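Thanks for coming. I will go through one structure this morning, starting with a single residue and then moving out to the whole chain.

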Amino acid sequence: MISIRSFLLVLLLHVGYFGFAQTSVNCPPNINFEDGNLNSWQFYTGSCCPISTPTLSGPVANRHVLTNGAATDPYGGFPIVAPGGAYSLKLGNNSTGSQAERARYFVHVPTSTTKYILIFNYAVVFEDPNHAVSEQPRFEVKAYDSTTGTPISCASFDFVASSTIPGFKQSASNVNVYYKEWTTASLDLSSYSGGTVAVDFATGDCSLGAHFGYGYIDLDCKLFESFTYKCNQVGSATLKAPPGFQAYTWYAPGFASIVGTTQTITVSNAATSSIYPVVLTPYPGYGCADTLYAEVRSSIIKSNAPDTVLCNGTGSMLINPKVTGNNGPFTYEWSPAAGLSCTTCATPTATFSGSVNYYLKITDTVGCYDYDTVNIKVIPFMETHIAAPDTICQNTAEVIQTHTTGGNNMLCYWDLDAGGSITKGKLTDSITAIWDYPGLKKIKVVAEAYGCKTEDSDYVFVRNAPLPFFQASSVYACVGDTVSLNITKENAFYYWKVDEKDVTDTTYVSPLKLAWSSGGEKQIKLGIQSDRLCPVKEFTRSVFVRAYPDATISLKNDFCIGGVSQLAAKAHPDYIYDWRPVLYFLNNSTNEVEAEIPEPGYVTLRVTDRWLNKCSSMDSVYANPKECCDVMMPDAFTPNSDGHNDLFRLITPGKQRVLSFMVANRRGQVVYKAESNGASWDGRYNGVMQDAGTYMYFIEYMCEDQEIRKKKGSFHLIR
């Protein structure tokens, strides 16, 4: 039986590429029939069964046939030539008559090799007459030491026609015919270094003479080194073992784990430099189990062909892509062919009259490839012309254009003489420019499209048009204060527009002194013109004039000895208040204050604008306190018998005589009433403590002037 020692595994990449390589040795002459003849083979004829071929007949027509071409077997539908070859051998035919045929080859194993593998492909077609096993058509493979006649272990097997023969299929054209399509096997002859091995293939019809059997064979020899390529390090991998075995067991590298049990498996993210073993188990009686190995290697191929721009019309150029990879030499496929000197050259010459894209596919020796695109852009003849006015005014924005022809999507790079700047439209064909001093100025522009350039230059005369400017001595002033304007001197006319002022002098005056009689923002605008052909340039600044504060003092009650007097001034968020004498006031910095004035004298108030401290006003009032004054009442009391604030009564009783004192709740019900200076309410009504809340008081009293006064207000009862 055949020992399947090694087999070429083909790794199919997930992205659709595959590749393999192996190192060849010197094969025996014409062992693979690729010379296109049957030389170096021995051919025999005889009868069956058993197969007996004593006659060394040489090739016999229709019994030892060299096949080639694309025809297929009439029963099995498989090619009559083994995959990958141009010629094969057909042994036998579909005629009857108990015929038998044999083909023999003597393989001389080189003495210099330690690894020598004979790989062969075979296919078999049988008619099944359902005879006894010894009478059935058959196909035999045998290998033995030609010197001693000793069979090689696992190198012989027989296929005998049967409807249940393992690995065979029933023909679609004849239900009595069974076939085995092309199957690969191998012989490990490494241990026969320096020796000669005979390999026999034989076919036979049935012994009763009415049913046929034939086969196909093809051989090769290789120093087996199985590896595959993963292109550009991407994709999962599909591993495919040879057909015709009963079972397959795939392992991860190092036999770490089982990764599949079918002939073909897919490995996700297969790493390069990894080896995947597969154990092949043949059908019982048709070979020995063996292990194959496949190494995944990396094939990196990259192309970088630079894009090119040609200026000013048609031309030709050498396209020279930079290709890198580890499995050269490379093949090149350029498209389209128009304008190219060669579509399969590494560096073709392209001739063209307009822009074109060339596409390149580069393939290495193991089938990996990369794509690249070369964009050749042709720019027609370009021109640009600056359209600028003859003269412009200093410090005046002017639009300057350039007109370009022959190119699209141009970028314009402008260069202005010293003092010039672009305020709008940089990189475009229309800019807004300004110069800050006069004179003859050069303008230059370079128009560029895809690296192609054209340029133009022109001159403009910049007229004198100085900028007006002045500096105010202060931007804040009080009404009536003088503000001085320090003005830049120019040989020009000066035109003033000042809020609430009429300045008609057009000559240079510095400083210009201004004062306003009202508060508010005052705008000052200076226009200046030195060249009547240029517009008036203006400069504007504001002065904020603050009105003097209103410090008028108003009294809310009379001055009284031992009492509190209430004084007030106009409230304003920007005012600072200062009441004097300080000792009279609990708080002397607000617009409304309370004062205790012990003796006659003046009370003064200074009001200052907080934003401009020098804007301030004063007022005073003479205070002559009397003995009688307003009564003072608390705004809350707590009748909880703790000895503090338990009674609601007058706070500062003087010489007033209380005529009536009354307290009412929120419903208007009077809960307390008295007619004496010592009157006080303890928070009860008819002996019952009243609820917390707001209450009203009403007081009538008389001072020494005998005038009856009234006062009312609210307060809180707090628990």
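Where is the place of P511? P511 sits in the loop between β40 (493-498) and β41 (512-514). The strand numbers come from DSSP runs counted from the N terminus, where a helix is H or I over at least four residues and a strand is E over at least two. The peptide bond that leads from S510 into P511 is cis, with omega near 0°.

There is a second case to look at. From S335 to P336 the peptide bond is also cis, and omega is near -5° there. P336 is in the loop between β25 (331-335) and β26 (349-352). As background, most peptide bonds are trans, and most residues other than glycine have a negative phi.

Before going on, what kind of model is this? This is a predicted model, in which local features need pLDDT of at least 70 and side-chain atom pairs count only at pLDDT 80 or more, while totals for chains, interfaces and linings use all residues. Residues are numbered from 1 along each chain as its sequence is written, and side-chain values use heavy atoms, with hydrogens and water left out.

The term pLDDT is the predictor's confidence in each residue, on a scale from 0 to 100. For this protein the mean pLDDT is 85, and 92% of the residues reach 70 or more. Residues 1-25 have a pLDDT below 50, yet this stretch has 112 contacts in the model beyond near neighbours in sequence. A contact here means heavy atoms within 4.5 Å. Where pLDDT is low, the predicted coordinates should not be read in detail.

Now the whole chain. How many helices and strands does the protein have? The count is zero helices and 56 strands. The radius of gyration is 59 Å, well over the 27 Å that the globule rule gives for 719 residues, so the protein is more spread out than a compact globule. That radius is taken over C-alpha atoms, and the rule is 2.2 Å times the number of residues to the power 0.38. Along the principal axes, the C-alpha trace spans about 170 × 95 × 50 Å.

Of the 719 residues, 45% count as buried. Buried means under 20% relative accessible area, exposed means over 50%, and partly exposed is in between, using a 1.4 Å probe and protein chains only. If we take contacts between residues at least 6 apart in sequence, 64% of them join residues at least 24 apart.

Two residues show how far apart parts of the chain can be. Y87 is in the loop between β5 (64-67) and β6 (88-91), and is partly exposed at a relative accessible area of 23%. Y87 and A569 are 482 residues apart in sequence and 124 Å apart in space, C-alpha to C-alpha. Leaving aside neighbours within four places in sequence, the contacts of Y87 include N32, F33 and D218.

D550 is in the loop between β43 (537-546) and β44 (554-555). D550 is partly exposed, at 32% relative accessibility. From D550 to A210 there are 340 residues in sequence and 141 Å in space, again C-alpha to C-alpha. Apart from residues up to four places away in sequence, D550 touches K570, Y575 and V607.

Is A202 buried or exposed? A202 is buried, with a relative accessible area of 0%, and belongs to strand β13 (residues 196-204). Not counting residues up to four places away in sequence, A202 touches I51, L91, E101, R102, R138, F139 and E140. T308 is in strand β22 (residues 308-311) and is buried too, at 18%. Leaving aside neighbours within four places in sequence, T308 is in contact with M317, N375, I376 and K377.

Last, the backbone angles. N30 is not a glycine, but its phi is positive, about 55°. N30 is in the loop between β2 (18-23) and β3 (42-47) and counts as buried at 4% relative accessibility. Y450 has a positive phi near 55°. Y450 lies in the loop between β35 (439-449) and β36 (452-463), and counts as partly exposed at 41% relative accessibility.
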